[in-house]
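Reader: I am new to this structure and would like a close look at a single part of it, the sheet. Could you take me through how its strands are arranged and what lies across them?

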Amino acid sequence: MAILRPMVRAAVPVNIRARVHWALIRHRWLSEVFANIDPSMEMSRVSDGTRLVIDGYPRSGNSYARAAFLQANRDTLISTHRHSPRSVEAGLRRGIPVIVLLRPPRAAIASALQYEPSFSPGQAIDLYRWFYEDILPVADDVLIEPFAEVTADFGQVIRRCNQRYGTDFVPYERTPEAELAVAEMIDQMASRMFRPEDMAHVVARPSLSRRAADDIIGILDDRTVTRLDDLNALHDDVLAHRWQPD
C-alpha cells in the first residue's frame with residue numbers, strides 16, 4: 001500500500017481520490033477495512049487496545065486535541081482523524097470512551113475549504129450534515145465537546161472524560177512549554193502530508209496567512225450560504241446532548 005500510494009497520487013486526480021476516500025469512510029464496514037489496511041489511516045484505527053476515540057468534522061480541533069492529549073498521556077493508544085461516525089460507533093461497540101468535537105458550521109466549513117482544495121462548498125456542507133446527523137443517534141453515549149473549549153482548556157475536557165467514563169487520564173496543563181510541544185507535534189503531523197510551502201494555510205493551528213471565515217463565506221452564492229446556515233440547527237441539536245456532570 002505504501003509503495004502504491006505515490007503512483008496512485010500521480011495517476012488519479014485529487015478530486016477523484018477525495019471522493020473515493022470519503023465514500024470509504026462513510027461505509028459501515030468498509031470504513032474499518034480501509035482504516036486497518038491503509039498506513040495513512042493508522043491513527044484512526046480502533047482496536048481492543050484503544051483507550052480513547054476522538055473524532056469530529058475536519059478542522060474542528062482534531063489535531064490540537066490529539067496533540068494535547070498525548071502531551072499529557074504519552075504512549076496511550078487513541079484513535080483520531082477518521083472524520084467519520086464509523087470510528088465513533090467502533091469505539092462504542094468496544095466500550096471505549098468517545099469524545100466528539102463540534103465546531104459551528106461557518107467556521108468549520110470555511111477552514112475546511114482552505115485546507116482541502118478538493119472540497120467544493122456543497123461537498124463540505126454535505127459532509128458536515130452527514131457527520132453530525134449520524135452522530136445524533138449516539139450523542140447521549142459520547143462526550144460532545146465544543147471547539148472553543150477544546151482549544152482553550154483541553155485539561156477540563158479530559159477531566160469531564162474522567163468523570164463521564166471513570167477513566168484516569170492525566171489532564172492537560174496549558175503552559176507555554178506544553179503549548180510549544182503541542183504546536184511542534186501538530187507541525188510534525190502536517191509535514192508528513194503537505195509540502196513546506198503549503199504548511200502555513202493547512203497546519204491545524206492559527207496562522208496569519210489563512211483567510212478569515214467571512215472572506216470565504218462572502219464569495220459563496222446565496223443558495224449555498226442558505227444551505228450552510230441551515231446547519232446551525234443541526235449544530236445546536238448535537239450540542240443539546242452535551243453531557244454535564246451533576
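Author: Two strands are said to pair if DSSP finds at least two bridges between them, and with that in mind the sheet of this predicted model can be followed strand by strand. Strand 1, which covers residues 52–56, pairs with strand 2 in the parallel sense, and the pairing runs over three bridges. Within this part of the sheet, Ile54 stands opposite Thr80, a residue of strand 2.

Taken as a whole, the sheet is an open one built from four strands, which follow one another in the order 2-1-3-4 with parallel pairing. Its edges are formed by strand 2 (78–80) and strand 4 (143–146), each of which pairs on one side only. From one strand to the next, the twist averages 20°.

Two helices lie across strands of this sheet. Helix 7, made of residues 121–135, lies across strand 1, strand 3 (98–102) and strand 4, and its direction is at about 140° to strand 3. Helix 9, made of residues 154–165, likewise lies across strand 1, strand 3 and strand 4, and in its case the angle given is to strand 4, at about 165°.

Note on methods: Residues numbered from 1 in each chain as written. Predicted model: local features only at pLDDT ≥ 70, side-chain atom pairs only at ≥ 80, totals over all residues. Heavy atoms only, no water. Axes fitted to C-alpha atoms, helices over the stretch in contact; angles between N-to-C directions. Contact = heavy atoms within 4.5 Å.
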